[in-house]
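Thanks for opening this structure with me.

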Amino acid sequence: MTDTTISARGGVPERPSLDGLEETWARRWQEDGTYAFDRTKERSDVYAIDTPPPTVSGELHMGHVFSYTHTDTVARFQRMRGRTVFYPMGWDDNGLPTERRVQNVYGVRPDPSLPYDKDWRPPAAPVDDAARKNPTAISRRNFIELCELLTVEDEKAFEALWRRLGLSVDWSLTYTTIGSAARAASQRAFLRNLARGEAYQAEAPTLWDIGYGTAVAQAELEDRERPGAYHRLRFTGPDGREVLIDTTRPELLPACVALVCHPDDERYADLVGAAARTPVFGVEVPVRAHPLADPAKGTGIAMVCTFGDLTDVTWWRELRLDTRVVIGRDGRLLPEPPAGVPAEPYAALAGQTVNGARRTLVELLADAGDLVGEPRPITHPVKFYERGDRPLEIVSTRQWYLRNGGRDAGLREELLARGRALRWVPEHMRHRYEHWVGGLTGDWLVSRQRFFGVPVPVWYRLDDAGEPDWSHPLTPDEAMLPIDPTSEPPPGYEETQRGEPGGFTGDPDVLDTWATSSLTPQIVGGWETDPDLFARVFPMDLRPQGHDIIRTWLFATVARSHLEHGALPWHTAVLSGWILDPDRKKMSKSKGNVVTPMALLERNGSDAVRYWAANGKPGMDLAFDPAQVKVGRRLATKLLNASRFALGLGAADALRAAATQPLDTAMLAELSGVVATATTAFDGYDHTAALMATEAFFWRFCDDYIELVKERAYGTGPAADSARAALATALSVQLRLFAPVLPFVTEEVWSWWRYGSVHRAPWPTTYEVGRAMEAPGDPELLRLAADALGQVRRAKSERKLSMKADVPLAEALGPAAVLDQLGTVADDLRAAGRIAKLDLLPDRTTELVIACAF
């Protein structure tokens, strides 16, 4: 690798400053193509990164800065190791977060029944709360255009922040998950899944978010503790026997289809196979046994409703029970009772919200004498969509699914084997993957009843009565992709046949955002559109991501690659931890403890913020600490000033010369060890260990070595030449060691005296450092000299003297072997300590002692 990117040296400025470096170098890197991917290289010379595309539906936060800085250190290290780095950036503008943001900003809501209005224009400025509460209805197509308009503006702001942070991505590779290439790749993969039988459609109980009006998948659930109450209901068994049931959802009583107890529960053994009648409605339901019934919970016997929770779904499916659905997609009880349920008592519930129906039914139970005792308050976990604000309901809907091993033991084991073949950093994160895959209870629900997303690319024939033929979907040729079946007709049909008997209808749904994001390696790698590029980058080398989306993004990407390519999508996954506030609580917008990064970057400089981020290891949480950011700025400032000092001594002209003096070779020998440590750490994706080793040496280099040799370096002759040569090598090596973490200040200093970019310079090696020494050095000698100088400094400090104060006499006491070593650097020690006379007195003490006389 050669230094060819930046052609000229700038010289050392009189007053170097960190201010303005980000604007200067971000512009130069873009103009010079410093981080451009070279697609002529062979696959063995490529390092490909599957960069997470952040969701552009708000602001980037410190968690993004934290994890993306980690990835950037890897990219910069690999580039300096001689690889051409495939480092794209994507924007995830697909899905519910974008829709919600558009609705909030512009006060609109999509209405598919409305025609497209080409003259409609959005408000010129964000609307107020009143407009949000009474949104304007617009057509689906107008709404999608508005989503596209807003995401473009968001993406500009995101790119500006990433450039400010110094991410070394190749911006020519940028993609969006709603862009044409992404839509085509997502639809192509879905159609191939469909052709192989891996995608299928089914009418089934579905987790439903009422607020968003869409189905959600198992991977998008989260439990939230909510207050509730146990209500004890009196059912009537054979011969009038009382059967008591505890439930937190009495409003689902008209949906009851069975009572269930444990097979070994002797209290109800005689009831199994018989029937009981529901209170209020008097509907006869069977009593069945199932191992999931918990004898210790409530009364030990539960009512099964279609559907109250996921356990109800399991019982309904495995016991082959009837279906009595009472809750609609709007979260209200249906206007008509299910079959077999009397209309008169149900009429009081029809059309009510879940909470309203609960209150009404509790009153009906009390009036009938079938509510036993008072409701007992509890707090219990309730299922929510991770982005929703209302508890999920379970309704019966027709949806698209992808096979993921949830119902196929063979496929499950294949996906577990893929997880074992993947390199995990840190390794223990693999257990989260295995826990998730092993706990899957069903296939991946990939359809969503929303608007801004990748359309499900199928149509359905309509029979003579206008009913869709769900079993035989019409599919496009891959050459037609991307397509929108709601606005384009299928092959062989005209648009005038849409919705007409004997014609067709398009699938109105879009794919889950993860169904597209799970294809990021294929999208950015040019799958099926650029075979040459795809062969050079796939499978990729690295997937960096948060540990909290192992179950979604990582697993889904592994599953899609396994099904399509029979391979892992990447070799290594590096997992980031969370950012915590100073009280060690996870930062989140809902808690109001988020720190916005741009102001921090402008105030402290990007290198300082990157330094803070790099102090967090993969997989480990890190507390946001403004003091640590200040340490980073101090380090960057010191690097400027120490470099200016070393170059002012003439180090730039001594770069190719060899160090000959013992102290110089001692320093370089220690530096060689730092190079080995940092290289091993980066190879193991431990940027923190690499930074710690480099930083610790740098401060010793500044505080000890430079102080010890600066008088000699000011002089002339072989000894002075040796000092300047050592300074030059040390500066060159340390700039490259710091470059992955502190890209701006290292590039600035490099430009003063070297050609090209430090980020295109070769990573330092122990061989390079060794070649700069005339003879091997002893790192202990530098530590010994530093110890001696430190004792002289303490003596002056204790007497409240300036460090420039002269020391008329200093006596060095210690073992003879130690003093023999000290004697080889005595001249440097005398000069640094301003010691007029230094006496070496062997074997007076067991450790080195420097006694100063003033």
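**Notes on cavities, a helix pair and a sheet**

1. Start with the largest cavity: β18 (444–445) and α15 (550–565) each give at least two residues to its lining. Helices (H or I, at least four residues) and strands (E, at least two) are DSSP runs, numbered from the N terminus. The largest share of that lining, four residues, belongs to α15.

2. A word on the model before going further: it is predicted, so local features need pLDDT of at least 70 and side-chain atom pairs count only at pLDDT 80 or more, while totals for chains, interfaces and linings use all residues. Residues are numbered from 1 along each chain as its sequence is written, and side-chain values use heavy atoms, with hydrogens and water left out.

3. The largest cavity has a volume of about 140 Å³. Here a cavity is a set of points, on a 1 Å grid over the protein atoms alone, where a 1.4 Å probe fits but cannot get out, and lining residues have an atom within 4 Å of a point. Grid points are joined across faces, edges and corners, and a volume is the space filled by probe spheres set on the points. Its lining has 17 residues, with A217, A219, N404, W436 and W444 nearest the centre. Nine of the lining residues are nonpolar, four polar and four charged (Ala, Val, Leu, Ile, Met, Phe, Trp, Tyr, Cys and Pro count as nonpolar, Asp, Glu, Lys and Arg as charged, and the others, Gly among them, as polar).

4. Which helix gives the most to the lining of the second largest cavity? That is α2, with five residues. This cavity holds about 70 Å³ of space, and its lining includes S67, H70, L542, S576 and Y685. The lining divides into six nonpolar, six polar and no charged residues.

5. Next, look at α5 (residues 140–165) and α16 (residues 597–604), which pack at an angle of about 35 degrees with their axes 11 Å apart. Axes are lines fitted to C-alpha atoms, for helices over the stretch in contact, and angles run from 0 to 180 degrees between N-to-C directions. A160, L161, R164 and L165 of α5 meet P597, M598, L601 and E602 of α16 (contact means heavy atoms within 4.5 Å).

6. Finally, four strands form an open antiparallel sheet in the order β8-β7-β16-β18 (two strands pair if DSSP finds at least two bridges between them). β8 (214–215) and β18 are at the edges with a single partner strand each, so one side of each has no neighbour in the sheet. Y401 has L445 in β18 as its bridge partner.

Technical notes: On a 1 Å grid over the protein atoms alone, a cavity is a set of points where a 1.4 Å probe fits but cannot get out, and a pocket is an open set with protein on both sides within 12 Å along at least five of seven lines; lining residues have an atom within 4 Å of a point.
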